[in-house]
Amino acid sequence: MTAIKSKELTIRFNADIGASMRWNFKPQQSEIKVLPGETALAFYTAKNPADTPVTGISTYNVIPFEAGQYFNKIQCFCFEEQLLNPHEQVDMPVFFYIDPEFVEDPKMEFVNTITLSYTFFEAKEGLNLPVPSFIRQ
């Protein structure tokens, strides 16, 4: 895969938590610059400030929505339960690239910024989040 040097993109990172989630969760960087076809690595940090273990599970979205088909995560922490012991802090990597076909899509012509947003929820017994079909493959 070859990087497309004619179209630098800004990737912004956002972090949210569900209403009952007790963790502190944030991106380690607010944004990075990438070229379509170039791999990039970003990190999020999660900390459990509670005195008891807490298990979390995350979902993500990409804005603008239409850019999501070009956002390819090679490694991420979404849709997998993460157990943090009391006062434990972890760094969680996201390894990704923007498909070079991004620059061929006329709908993406004026898109220069993409936001990757994760939301962590406390995993409860019997909670089943819908997993997109492309993740299950």
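Is E122 buried or exposed, and what is its relative accessible area? E122 is buried, at a relative accessible area of 14%. Here buried stands for under 20% relative accessible area, exposed for over 50%, and partly exposed for what lies in between, with a 1.4 Å probe and protein chains only.

## Basis of the model

The model is predicted: local features need pLDDT of at least 70, side-chain atom pairs count only at pLDDT 80 or more, and totals for chains, interfaces and linings use all residues. Residues are numbered from 1 along each chain as its sequence is written, and side-chain values use heavy atoms, with hydrogens and water left out.

## Salt bridges

Side chains of opposite charge can pair when their charged atoms come close. The count is two salt bridges, a salt bridge being a side-chain nitrogen of Lys or Arg within 4 Å of a carboxyl oxygen of Asp or Glu.

In one of them, the side chain of E122 meets that of R22, at 3.0 Å from N to O. This pair links distant parts of the chain, 100 residues apart: E122 belongs to strand β9 (residues 113-122), while R22 sits in the loop between β1 and β2 (24-27). Strands are DSSP runs of E with at least two residues, and helices are runs of H or I with at least four, both numbered from the N terminus. E122 is buried, whereas R22 is partly exposed at 37% relative accessibility.

The other salt bridge joins the side chains of E31 and R12, with 3.2 Å from N to O. Its partners lie 19 residues apart, in distant parts of the chain, with E31 in strand β3 (residues 31-34) and R12 in strand β1 (residues 9-17). E31 has a relative accessible area of 35% and is partly exposed; R12, at 41%, is partly exposed.

## The disulfide

A disulfide is a covalent bond between the sulfur atoms of two cysteines. The search of the whole structure finds one, where the criterion is a pair of cysteine sulfur atoms within 2.5 Å. C76 and C78 form this link, with their sulfur atoms 2.5 Å apart. The angle about the S-S bond is -45 degrees, and the link is left-handed. C76 and C78 are both buried.

S58 lies in strand β5 (residues 54-63). This serine has 0% relative accessibility and counts as buried. Apart from neighbours within four places in sequence, S58 is in contact (heavy atoms within 4.5 Å) with F77, C78, F79, Y118, T119 and F120. One of these, C78, is a partner in the disulfide with C76.
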